[in-house]
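Thanks for passing this one along.

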Amino acid sequence: MIDKIGMVFIGNTVNAALAFLITILLSKILAVEDFGKYGYLYALSIIVGTVLDFAAGTAFVIHYNKNRIQDTVLKNYHAFRFTSFLVLGLGSILLFSVQWDAYTTEGKLFLVTTTMATLAGRHFQFYYQALGNYRDNGIVTVTINAV
């Protein structure tokens, strides 16, 4: 138990430090206007990712560990994640087809990419958490923020 807590603590610490350093780096690299735009888009991608997640990850962890019906629960979880990516893909087509003067194609691509990375990362985060594999869970968490 102590080793799992330690692994989660290390992952969360590295994650927080990485997020802090990336924010500082981006504030130095980007102009103020661009930093504001991409900050807004990043926040929007977190919101969209949370909505598309619809607490499926948490439910998966609970059902997987409670019922141990691995095959059925795992298939349902993968099907839900596939549906989330499908909805995101269709939303992306709509996003790129609608004129949004405030954001360029690059900004829209940033939004789609960060949302997809967040969803994919959450998928593996919850999967590893359900399996009790906290080392890989921590690696995925750090990787999400690095991307």
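1. A word on the source, and then the overall layout. Please keep in mind that this is a predicted model. The chain has 6 helices and 0 strands, so written from the N terminus the order of elements is simply α-α-α-α-α-α. Of its 147 residues, 29% count as buried. If we take contacts between residues at least 6 apart in sequence, 71% of them join residues at least 24 apart.

2. H2 against H5. Helix H2 covers residues 32-53 and helix H5 covers residues 105-131. Their axes lie 8 Å apart, and the packing angle is about 40°. On the H2 side, the contact is made by Tyr38, Leu41, Tyr42, Leu44, Ser45, Ile46, Val48, Gly49, Thr50, Leu52 and Asp53. On the H5 side, the partners are Glu106, Gly107, Phe110, Leu111, Thr114, Thr115, Thr118, Leu119, Arg122 and Phe126. By class, the residues of this contact divide into 11 nonpolar, 7 polar and 3 charged.

3. H3 against H5. Helix H3 (residues 56-67) also packs on H5, at an angle of about 20° and with the axes 9 Å apart. Angles under 35 degrees count as roughly parallel, and H3 and H5 therefore fall into that class. Their crossing is right-handed. H3 contributes Gly57, Thr58, Phe60, Val61, Tyr64 and Asn65, while H5 contributes Phe126, Tyr127, Gln129, Ala130 and Leu131. This contact has 7 nonpolar and 4 polar residues, and no charged ones.

4. H5 against H6. How do H5 and the helix at residues 134-146 cross? The axes of H5 and H6 come within 8 Å, with a crossing angle of roughly 165°. Angles over 145 degrees count as roughly antiparallel, and this is therefore how H5 and H6 run relative to each other. The crossing is left-handed. From H5, the residues involved are Ala117, Thr118, Gly121, Arg122, Phe124, Gln125, Tyr128 and Gln129. They meet Tyr134, Asp136, Asn137, Val140, Thr141 and Ile144 of H6. The contact is made up of 6 nonpolar, 6 polar and 2 charged residues.

5. Thr118 is found in helix H5. Is Thr118 buried or exposed? With a relative accessible area of 7%, Thr118 is buried. Leaving out residues up to four places away in sequence, Thr118 touches Ile46 and Ile144.

6. Leu26 and Tyr38. Leu26 lies in helix H1, which spans residues 2-29. Its relative accessible area is 35%, which makes Leu26 partly exposed. Leu26 and Tyr38 are 12 residues apart along the chain, and their C-alpha atoms are separated by 9.6 Å.

7. Salt bridges. How many salt bridges does a search of the whole structure find? The search gives 2. In one, the side chains of Glu33 and Lys37 meet at 3.9 Å, N to O. The cut-off is 4 Å. Glu33 and Lys37 are 4 residues apart in H2, which means that about one helical turn separates them. Glu33 counts as exposed at 59% relative accessibility, whereas Lys37 is partly exposed at 26%. In the other, the side chains of Arg135 and Asp136 meet at 2.7 Å, N to O.

How values were computed. Residues numbered from 1 in each chain as written. Predicted model: local features only at pLDDT ≥ 70, side-chain atom pairs only at ≥ 80, totals over all residues. Heavy atoms only, no water. Axes fitted to C-alpha atoms, helices over the stretch in contact; angles between N-to-C directions. Helix = DSSP H or I, 4+ residues; strand = E, 2+ residues; numbered from the N terminus. Parallel < 35°, antiparallel > 145°, perpendicular 65-115°, else oblique. Left-handed = near helix turned anticlockwise from the far one by under 90°. Contact = heavy atoms within 4.5 Å. Nonpolar A, V, L, I, M, F, W, Y, C, P; charged D, E, K, R; others polar. Buried < 20%, exposed > 50% of the residue type's maximum accessible area, 1.4 Å probe, protein only.
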